[in-house]
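Follow the chain below with a viewer open.

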Amino acid sequence: MPRGTIKREIAIKDTAHIRRRILAHQAAVGVVGQGYVGVSLTSAAAEVGFPVFGIDVDHTRIDDLAAGNLSVPGVHEEAYRAGMATGHITFTADTEALSESEVILVCVPTPLRDGSPDLSHVIDACKEVGRHLAPGRLVVLESTTYPGTTEELVRPLLEESGLRAGRDFLLAYSPERIDPGNVEFDLRNTPKVVGGVSAESTGVASLFYGQLVDKVLALSSTRAAELAKLLENTFRHVNIALVNEMAMICHEMGIDVWEVLDAAATKPFGFMPFYPGPGVGGHCIPLDASYLAWQVRRDAGHQFRILEQSEDVNRQMPAYVAARIGDGLNDVGKAVRGSRILVLGVSYKPDVGDIRESPSIPVMQHLMRRGADVCFHDPFVSEIVVNASVLQRSELTQRCVSVADCVALLTPHHAYDLEWIADNAALVFDARNGYGSDRRRNVLRL
């Protein structure tokens with residue numbers, strides 16, 4: 001029998017074995033990276049009965065999670081508690097756990113460095129996975145990245161083990177779609193997109209995710225799955241830029257942008273509401289767009305014009321908001337220099353503690369450079385770094401609010417009593433329409 005035929009029979013046998021193990025929820029799952037995506041997947045897999053290794057190089061994080069302390073922002077507390085209650089989770093910094101893992105999910109950060117994708121965490125994680133890889137295993141990359149990463153970077157790293165993707169082990173890409181703080185859509189009821197390097201890879205990965213989520217969409221390739229993720233967040237980036245620029249234009253024209261948006265949103269077809277603010281934040285929207293713009297410039301040799309223009313608009317928003325705060329102070333006879341400004345909300349979205357790429361930070365930077373005395377409060381964040389200085393959270397007391405020349409509401413957490421704040425503040429700048437239809441004389445809106 002030809003050598004290739006023998007290999008094919010071994011691969012089919014191994015695939016049948018892992019399918020049975022997945023369906024019985026007996027396959028050990030190793031989740032590399034315990035950020036909000038990794039912890040969410042670890043918890044979900046454990047809750048349905050899989051034995052799970054939650055793996056991370058951060059010993060402090062691992063110790064916290066193992067002790068029942070959810071120190072990772074953006075994870076649903078109930079999901080984490082439910083996973084922990086099963087007793088199926090082992091949090092560890094020891095990558096030897098990968099040797100026991102039959103399904104391996106790579107969920108490590110993919111930041112930008114000098115405008116280019118930094119895949120160093122993916123490279124390190126995949127080298128470690130490759131050192132422990134055995135035949136018949138399923139490896140899935142979840143980290144957001146540009147099309148081609150799974151095939152051109154991850155696959156060769158894993159194949160340094162001597163095993164071949166699609167023949168000896170299964171390899172797929174499935175982008176994370178977790179929205180921190182979203183109480184309506186969670187991991188279970190958000191469809192999962194999957195694309196593998198082979199039909200069997202796609203099939204087995206789809207089978208695994210089908211145990212965790214209500215719906216799985218199988219795509220034709222890893223590149224299609226990678227690009228689908230970038231398109232989702234590019235769509236949001238472009239539309240946020242649209243309404244941010246609309247907010248600037250409406251201010252210049254003396255029109256209430258929020259009234260305009262509310263009116264347009266009543267149309268039952270052909271319109272989807274997006275809302276302006278101090279910029280875009282989080283890991284996904286600002287970084288995914290940059291990944292796609294970078295790849296188009298590299299591979300196609302030209303700009304993705306509407307995307308790059310949107311990036312430019314959204315990058316301007318922190319400076320624009322700082323300038324509007326300055327205008328508001330000027331209108332009441334105060335200069336920015338020497339004014340005390342209390343910023344409320346420094347996380348990138350309401351009701352989460354994630355400050356990655358938060359536009360609140362550059363707003364504060366602009367104000368401080370103009371000489372303002374800036375402090376902050378956020379119920380989810382105890383300290384931040386602004387212009388290389390560490391700022392500790394201020395207590396949200398009546399005195400703290402009343403002595404501020406301006407209270408800047410940049411992230412409207414639901415914990416804030418906005419009526420009480422307006423009653424005690426001399427001036428409030430509302431960057432997110434937290435006050436809605438409440439038209440107080442001392443509240444200025446974006």
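Helices (H or I, at least four residues) and strands (E, at least two) are DSSP runs, numbered from the N terminus. Helix α2 spans residues 36-47, and Thr42 is found there. The model is predicted: local features need pLDDT of at least 70, side-chain atom pairs count only at pLDDT 80 or more, and totals for chains, interfaces and linings use all residues. Residues are numbered from 1 along each chain as its sequence is written, and side-chain values use heavy atoms, with hydrogens and water left out.

Is Thr42 buried or exposed? Buried means under 20% relative accessible area, exposed over 50%, and partly exposed in between (1.4 Å probe, protein chains only). Thr42 has 0% relative accessibility, so it counts as buried. Contact means heavy atoms within 4.5 Å. Not counting residues up to four places away in sequence, Thr42 touches Val31, Gln34, Val52, Gly54, Ile89 and Phe91. The side chains of Thr42 and Gln34 are also joined by a polar contact of 3.2 Å. Such a contact is a pair of N or O atoms within 3.5 Å; within protein, one must be able to donate a hydrogen and the other to accept it, and residues adjacent in sequence count only if both atoms are side-chain atoms.

Now the rings. Rings of Phe, Tyr and Trp (its six-membered ring) pair if their centres lie within 6.5 Å; planes under 30 degrees apart count as stacked, over 60 as edge-to-face and the rest as tilted. A search of the whole structure finds 4 aromatic pairs. Phe208 and Tyr209 are edge-to-face, because their ring centres are 5.3 Å apart and their planes stand at 65°. Phe208 is buried, at 0% relative accessible area. Tyr209 is buried too, with a value of 0%.

Phe235 is partly exposed at 40%. Phe274, at 13%, counts as buried.

Last stop: Ser358, in the loop between β11 (340-344) and α12 (360-369). Its relative accessibility is 4%, so Ser358 counts as buried. Leaving aside neighbours within four places in sequence, Ser358 is in contact with Gly281, Val346, Ser347 and Tyr348.
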